[in-house]
Every structure is written in structure tokens, then in C-alpha cells.
Amino acid sequence: MAHRAARSIILPLLLLCASAASAGERGYFGFGLQVATKGFFLSPEVTSLTISKVVPGTPADRVGIRAGDTILRVEDMVVVGSKALDLKARAARDVGQALHLQLRHADGQAFAVNMVAVPHP
């Protein structure tokens with residue numbers, strides 16, 4: 001069962017994929033996440049990561065990511081069962097650095113993408 005407290009702590013951490021973290025150093029990919037977790041709220045285990053939105057014209061949009069897609073792996077780390085902070089560290093990218101994800105569309109089709117982080121608009 002997902003814990004709301006864990007979601008409220010972890011969601012901002014994982015949104016680094018979708019927004020800049022500080023002074024133009026952190027990269028932007030243009031997608032939002034819906035995170036489900038279980039376990040202790042300071043170190044929750046991720047049960048799912050789902051794309052909640054994709055901003056048109058961003059790296060995520062250009063590689064075909066769509067709202068409703070499920071992220072299966074972040075840089076070869078399996079999402080389900082991973083600690084949220086480990087996934088956050090694995091996904092952190094500065095502008096110009098690539099991020100590799102494996103996802104599944106809502107229709108079941110699995111696919112992999114490579115995106116390069118851009119400055120936050």
C-alpha cells in the first residue's frame with residue numbers, strides 16, 4: 001500500500017527529472033511523475049513510477065514519452081523495489097548529460113530512450 005507521506009517527500013526528489021534543481025546546473029527533461037511507494041517514509045521502496053505529464057517540445061516529448069507511460073528502469077536500475085533516494089541519485093543530470101530510461105506505454109509496448117538534459121525554460 002502506498003503511503004501518502006512518502007509520496008509527498010519522494011515526489012519532489014524525483015521531479016528533478018522534470019525541473020531544474022538549482023541555478024541552471026540541473027537539467028530539465030520536461031516530464032512529471034506520479035510516484036507510488038511503500039515502507040518507511042524516510043527510506044521508502046518504489047512500487048511504480050508513472051509519467052503524469054509531458055511538456056511539448058521538451059526532450060521527453062521528442063523521444064516519444066507520453067503521459068501514462070510507466071518507467072521500468074533508470075540507468076539500468078529496476079524501479080520496482082528500489083529505494084527512492086537511490087533512483088533520485090541515478091536520475092540526477094546536469095545540463096548536457098544524458099539520461100537512459102526503459103519504459104512501457106499504456107498499450108504494453110516496452111521501449112528505451114536516451115535524452116540529453118537541457119536548461120530549465
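Reading from the N terminus, the elements of this chain go α-β-β-α-β-β-α-β-β. That comes to three helices and six strands, and keep in mind that what you're looking at is a predicted model. Of the 121 residues in the chain, 37% are buried. If you take contacts between residues at least 6 apart in sequence, 54% of them join residues at least 24 apart.

**The core**

Let's start on the inside. The largest nonpolar core has 23 residues, and the ones with the most contacts inside it are Phe31, Ile65, Ile71, Leu101 and Met115. Strands E1 (31–38), E2 (45–54), E3 (70–74), E5 (98–104) and E6 (110–116), along with helix H3 (84–91), each put in at least two residues. As a general background point, nonpolar side chains in soluble globular proteins tend to be buried together.

Setting aside residues up to four places away in sequence, Ile71 touches Phe31, Leu33, Leu49, Ile51, Val79, Leu101, Gln102 and Leu103.

Ile51, over in strand E2, is worth a look too. With the neighbours within four places left out, its contacts are Phe31, Gly32, Leu33, Ile65, Arg66, Ala67, Gly68, Asp69, Ile71 and Leu103. Its relative accessible area is 2%, so Ile51 counts as buried, the cut-off being under 20%. Ile51 and Arg66 sit 15 residues apart in sequence, yet their C-alpha atoms are 6.9 Å apart in space.

E1 and E2 run antiparallel and are joined by eight bridges; Gln34, for one, stands opposite Thr50 in E2. E1 is largely enclosed by the rest of the structure, because six of its eight residues are buried.

The two strands form a hairpin with six residues between them, and Gly39 in the turn has a positive phi of about 100 degrees. Phe40 is also in the loop between E1 and E2. Together with Phe41 and Leu42, Phe40 makes a nonpolar surface patch of about 320 Å². Phe40 itself has a relative accessible area of 52%, so it counts as exposed, the cut-off being over 50%.

**Loop residues**

Another loop residue to check is His105, located between E5 and E6. His105 counts as buried, and beyond the neighbours within four places in sequence it is in contact with Gly64, Arg66, Asp69 and Phe111.

Here are the relative accessible areas for the residues picked out above:

| Residue | Relative accessible area | State |
|---|---|---|
| Ile51 | 2% | buried |
| His105 | 8% | buried |
| Phe40 | 52% | exposed |

Technical notes: Residues numbered from 1 in each chain as written. Predicted model: local features only at pLDDT ≥ 70, side-chain atom pairs only at ≥ 80, totals over all residues. Heavy atoms only, no water. Core = buried A, V, L, I, M, F, W, Y, C linked by side-chain atoms within 4.5 Å. Buried < 20%, exposed > 50% of the residue type's maximum accessible area, 1.4 Å probe, protein only. Helix = DSSP H or I, 4+ residues; strand = E, 2+ residues; numbered from the N terminus. Contact = heavy atoms within 4.5 Å. Patch = residues over 30% accessible without salt bridge, like charges linked within 9 Å, V, L, I, M, F, W, Y side chains within 5 Å. Areas by Shrake-Rupley, 256 points an atom, 1.4 Å probe, with all protein chains shown as cover. Salt bridge = Lys/Arg side-chain N within 4 Å of Asp/Glu carboxyl O. Pairing = 2+ DSSP bridges.
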